[in-house]
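Please look over the chain shown here, and keep the strands and helices in view while reading the report.

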Amino acid sequence: MLKKRRLSQNEEAIRGILLIIVFIVGLVFLRDMLVKRGVRILMLTRKDYINAAEYYMQKKYGEKFEGEYIVEDSIYVHPKANPQWHAVVEIENDGIMTSFHDNYVGYLKKEELEKYIYELVKPIYGECKVYIHPYGFSLDDSFNKDMDLMTYVSNGNYALDIFTYENAENMETELNKTCSIFIENKLECNVINVTYITQENFSSLGEINIDKIYNSKDYYYSLDSIYDKKNDTGFSDIYVMKGRDGYGK
């Protein structure tokens, strides 16, 4: 009958190391599973926060999200169905428990709000294109996908871009009228920007092109007015930017 061979010290050390590795891997796996299921445990790594934010967003909105990166106390995520949307989830940590707050409702109301604003400003600018851009500030935690549009616009944080190919002769008067409409309708907008471009550029304009237009100054004029939310004094004086020389020629 064969006798059991006694492990050498080296073999015992290796076995011990392997057991420690298995334990650590199991612990990491368990933490990952708990965080993904929303169990409130102490967050240790950036991945913990991203996993927890993904779970929080999925539970709140009923769709799957993918975390991108963390900047200070903000986690950037996007819904898998719309990867071009970059929602922000803010982290609140009291040293023991972690909670999250987000601005995703701004994206859910984006199309509806753009259509609503378009109808308001069309009498001023004629044919135009309207785009809103939610800011990265969290909204009221009671806001969800079922909230009505007017509740959002009276409390939301977003910027507005209006593009038109109409004559810019009365551009400042037109922007003043637009600002007045927003105040009268209690549309909470951080900044209104109106840009005059050629009809050809207007026809091919999509939201994805906006940054390129501004960076290249491919416009006749671009005007903006900022709303003073802190003191609630209305929109600021209009700032006018002239496009690049030779544009439209």
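## Overall make-up

This is a predicted model. The chain holds eight helices and nine strands. It has 249 residues, and 41% of them are buried.

Take the contacts with a separation of 6 or more: 60% of them link residues 24 or more positions apart.

## The five-strand sheet

Five strands form an open sheet in the order E5-E6-E7-E8-E9. The pairing is mixed. E5 and E9 (239-242) are the edge strands, each pairing on one side only. Neighbouring strands in this sheet are turned against each other by 15° on average, with direction ignored.

Strands of a sheet pair through backbone hydrogen bonds, in either a parallel or an antiparallel sense. Both senses occur around E6. E5 (residues 128-134) pairs with E6 antiparallel, over seven bridges. In that pairing, Cys-128 stands opposite Thr-164 of E6. E7 (residues 191-196) runs parallel to E6, and six bridges join the two. Here Ala-159 stands opposite Val-191 of E7.

## Strand E6

How many of the seven residues of E6 are buried? Seven of the seven, across residues 158-164, so the strand is largely enclosed by the rest of the structure. The cut-off for buried is under 20% relative accessible area.

In a regular strand, side chains alternate between the two faces of the sheet. Both faces of E6 are covered. One side carries Tyr-158, Leu-160, Ile-162 and Thr-164, all buried. The other carries Ala-159, Asp-161 and Phe-163, also all buried. Two of these residues return from the pairings above: Thr-164 faces Cys-128, and Ala-159 faces Val-191.

Helix H4 (residues 110-125) lies across E5, E6 and E7. Its direction is at about 140° to E5. H4 also packs with H6: the two axes come within 10 Å and cross at roughly 150°. Angles over 145 degrees count as roughly antiparallel, and H4 and H6 are therefore roughly antiparallel to each other. Their crossing is right-handed.

Which residues meet between the two helices? From H4 come Ile-117, Leu-120, Val-121, Ile-124 and Tyr-125. From H6 come Glu-174, Leu-175, Lys-177, Thr-178, Ile-181 and Phe-182.

## Two loop residues with positive phi

Glu-72 is not a glycine, yet its phi is positive, at about 55°. It is found in the loop between strand E1 (65-71) and strand E2 (74-79). Is Glu-72 buried or exposed? Its relative accessibility is 76%, so Glu-72 counts as exposed.

Lys-186 also has a positive phi, near 55°, and is a residue other than glycine. Lys-186 lies in the loop between H6 and E7. Lys-186 is exposed, with a relative accessible area of 64%. The cut-off for exposed is over 50%.

Methods. Residues numbered from 1 in each chain as written. Predicted model: local features only at pLDDT ≥ 70, side-chain atom pairs only at ≥ 80, totals over all residues. Heavy atoms only, no water. Buried < 20%, exposed > 50% of the residue type's maximum accessible area, 1.4 Å probe, protein only. Helix = DSSP H or I, 4+ residues; strand = E, 2+ residues; numbered from the N terminus. Pairing = 2+ DSSP bridges. Axes fitted to C-alpha atoms, helices over the stretch in contact; angles between N-to-C directions. Parallel < 35°, antiparallel > 145°, perpendicular 65-115°, else oblique. Left-handed = near helix turned anticlockwise from the far one by under 90°. Contact = heavy atoms within 4.5 Å.
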